[in-house]
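Please look over the sequence and the model below.

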Amino acid sequence: MRASLVLTILGPDRTGLVGAIADTVAQHDANWLESSMARLAGKFAGVLRVDAPIENIQPLTDALNKLRAQGLTVVVESTDDQAADAEARVLNLHLIGHDRPGIVRDISRALVQRGVNVIDFHTEVISAPMTGEPLFQADAILHANPDTPLDDLRDSLDRIANELDLDLHLEEAD
């Protein structure tokens, strides 16, 4: 029997870090299923899901915790690995506009008020093509209940976009 684990790893970025994690996972007959990793402000930040034989969970956890000697913070969590709700309505959100504090707070507040869950979220600050001004850009995959009124959600997000001068697009995924 196998079990699923979610790992979060944070520490100073260096060459070979992903390889060290992958070696540790493979040495314990675990399968690397999915991950998201990035270099943020000189730090390595990663989240990954692995599946491993139940008898290897504790040895794998112990081996991952030994990576702390390399300055890494490692968190290992068991998961029941339930599939996402097949009934969920999948939405894509894209926004871009002048960077300022509060954009993520205001957008996420509107989503929470309507019971919409953020499944994947990527943000960055880029330079405007002509002026070089900082622009905040975000792309998200959202799950909404099938009965969530999309017009209401769009209206709420459009109000925020108008207040913050954002170009915002929300659409159902294909």
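The model is predicted: local features need pLDDT of at least 70, side-chain atom pairs count only at pLDDT 80 or more, and totals for chains, interfaces and linings use all residues. Residues are numbered from 1 along each chain as its sequence is written, and side-chain values use heavy atoms, with hydrogens and water left out.

**Helix α1**

- Residues 17–27 form α1, with L17, A20, I21, T24 and V25 buried. These residues lie on the same side of α1, because they cover an arc of only 135 degrees around the axis (taken from the directions from the helix axis to the C-beta atoms).
- Their cover includes the strands β1 (2–12), β2 (31–40) and β3 (43–53), and also helix α2 (57–65); contact means heavy atoms within 4.5 Å.
- After α1 comes D29, with a positive phi near 55 degrees.
- Helices (H or I, at least four residues) and strands (E, at least two) are DSSP runs, numbered from the N terminus.

**The sheet**

- An open sheet is built from 4 strands in the order β2-β3-β1-β4, with antiparallel pairing; two strands pair if DSSP finds at least two bridges between them.
- β2 and β4 (73–79) are at the edges with a single partner strand each, so one side of each has no neighbour in the sheet.
- From one strand to the next, the twist averages 15 degrees (axes are lines fitted to C-alpha atoms, for helices over the stretch in contact, and angles run from 0 to 180 degrees between N-to-C directions).
- β1 and β4 run antiparallel and are joined by 7 bridges. S4 is opposite T79 of β4.

**Helix on sheet**

- α1 lies across β1, β2 and β3, and runs at about 160 degrees to β2.

Key: Buried < 20%, exposed > 50% of the residue type's maximum accessible area, 1.4 Å probe, protein only.
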